[in-house]
Amino acid sequence: MAFTIEKYPIPKRFRHHISPNTYIALSELKKVPEFYPPLYENIEWSEVYKNGLPPKYLDIGCGFGGFMFKFADLNPNDNILGIEIRQQPYDYMLEVIEKESLGNVHTIRYSVANKLPFIENESIEKIFYFFPDPWYKKKHTKRRAFNLPFLEECFRVLKKGGELLLQTDVPEVHEYQVEMLKDYNKFEVTQLNKEDYWDYPSTNQEVFCIRKERPFDRVVCMKKI
Ligand SMILES: C[S@@+](CC[C@H](N)C(=O)[O-])C[C@H]1O[C@@H](n2cnc3c(N)ncnc32)[C@H](O)[C@@H]1O
């Protein structure tokens, strides 16, 4: 990378807690919870990216942006948008973007439960959805961003032949996602083996899994033409 991300240590003690309603679409809530992330109908891309163009890549639930920064560095002519619900990772990423004057990276604090109205139809080449929060308990599964409206939205914004890429270290989440993709039936779904080709930088959670020898699944979902 053009800069070392180690220059920006991730805060050791960071606040995990946010209101559970933050994971729910605002349209489904009776009142706006305190600190609910802002909604966006439109983003003026010429004000956020150096080349003035819209993003080609989305990193949904990007955390502290470990993957996003490496990917942006490898693809300097293409724009990537990181979407993250929590304030602290968002502040961290903004600081890196500003201090390093990164012209092809932008991030928003936003809950993807509210869909992606600020993204044009068929404008995105790849959506990265890596290591989502698992929400194991049955009563919490409604907090998972990966649901039918999410798949419909991914399908809408992806170019024909574009890809939704998934990684998770939670077998239950993997099965849930694959099942939903089968029902939706608008993506060609390929479940990868460990040794299969994967030409992407590691995410922070992926680095953690590799260090701990924790297995994880990868799925490539190509938008059917
Ligand atoms: C386990 S972390 C993984 C981060 C990163 N993708 C990685 O692989 O290292 C999941 C991230 O998704 C974010 N997230 C969860 N629900 C979200 C939502 N509805 N909208 C946006 N981000 C969300 C969480 O705050 C968290 O940072």
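Leaving aside its neighbours within four places in sequence, with which residues is Leu151 in contact? The partners of Leu151 are Met180 and Tyr184. Leu151 itself is found in helix 4. It is partly exposed, because 19 other C-beta atoms lie within 10 Å, whereas a buried residue needs 20 or more. Lys50 stands 101 residues from Leu151 in sequence, and their C-alpha atoms are 30 Å apart in space. With this one residue as a starting point, the whole chain may now be considered.

The model is a predicted one. Its protein chain contains 6 helices and 7 strands. Read from the N terminus, these elements follow the order α-β-α-β-α-β-β-α-β-α-β-α-β. The radius of gyration of the chain is 17 Å, close to the 17 Å that the globule rule gives for 225 residues, so the chain is as compact as a globular protein of that length. Along its principal axes, the C-alpha trace spans about 45 × 45 × 40 Å. Of the 225 residues, 31% are buried. Among contacts between residues at least 6 apart in sequence, 76% join residues that are at least 24 apart.

The interior comes next. In soluble globular proteins, nonpolar side chains tend to be buried together. In this model, the largest nonpolar core has 42 residues, and Leu58, Met68, Ile127, Phe128 and Leu164 touch the most other members. Several elements give two or more residues to this core: strand 1 (57-60), strand 2 (80-84), strand 4 (124-130), strand 5 (158-168) and strand 7 (217-223), together with helix 2 (66-74), helix 3 (87-99) and helix 4 (148-157). Leu164 shows how parts of the chain that are separated in sequence are brought into contact: leaving aside neighbours within four places, its partners are Ile127, Tyr129, Cys154, Leu158, Phe187 and Cys221.

Strand 4 runs parallel to strand 1, to which 3 bridges join it. In this pairing, Asp59 has Phe128 of strand 4 as its bridge partner. Strand 4 also pairs with strand 5 in the parallel sense, over 6 bridges. Here Tyr129 has Leu166 of strand 5 as its bridge partner.

Helix 2 has the buried residues Gly66, Phe67, Met68, Phe69, Phe71 and Ala72. These buried residues pack against strand 1, strand 2, strand 3 (105-109) and strand 4, and also against helix 3 and helix 6.

The ligand is surrounded by 22 residues, of which the closest are Gly61, Gly63, Phe131, Thr203 and Gln205. Strand 2 and helix 6 (204-212) each supply at least two residues of this shell, and helix 6 gives the most, with 3 residues. By class, the shell has 11 nonpolar, 7 polar and 4 charged residues.

The C-alpha atoms of Lys138 and Asn42, which are 96 residues apart in sequence, are 34 Å apart in space. Thr141 also has its place in the loop between strand 4 and helix 4. Thr141 is partly exposed, since 15 other C-beta atoms lie within 10 Å. Its C-alpha atom is separated by 9.8 Å from that of Val173, 32 residues away along the chain.

Most residues other than glycine have a negative phi. Ser101, a residue other than glycine, has a positive phi near 50 degrees. Ser101 is found in the loop between helix 3 and strand 3, and it is exposed, with 8 other C-beta atoms within 10 Å. Glu213 likewise has a positive phi, of about 55 degrees, although it is not a glycine. Glu213 lies in the loop between helix 6 and strand 7, and it counts as exposed because it has 6 C-beta neighbours inside 10 Å.

Note on methods. Residues are numbered from 1 along each chain as its sequence is written. This is a predicted model: local features need pLDDT of at least 70, side-chain atom pairs count only at pLDDT 80 or more; totals for chains, interfaces and linings use all residues. A nonpolar core is a set of buried Ala, Val, Leu, Ile, Met, Phe, Trp, Tyr and Cys residues joined through C-beta atoms within 7 Å. A residue is buried if 20 or more other C-beta atoms lie within 10 Å of its own, exposed if 12 or fewer, and partly exposed in between; C-beta atoms are placed from the backbone. Helices (H or I, at least four residues) and strands (E, at least two) are DSSP runs, numbered from the N terminus. Two residues are in contact if their C-beta atoms, placed from the backbone, lie within 7 Å. The radius of gyration is taken over C-alpha atoms; the globule rule is 2.2 Å times the number of residues to the power 0.38. A residue is near a molecule or strand if its C-beta atom, placed from the backbone, lies within 6 Å of it. Ala, Val, Leu, Ile, Met, Phe, Trp, Tyr, Cys and Pro count as nonpolar, Asp, Glu, Lys and Arg as charged, and the others, Gly among them, as polar. Two strands pair if DSSP finds at least two bridges between them.
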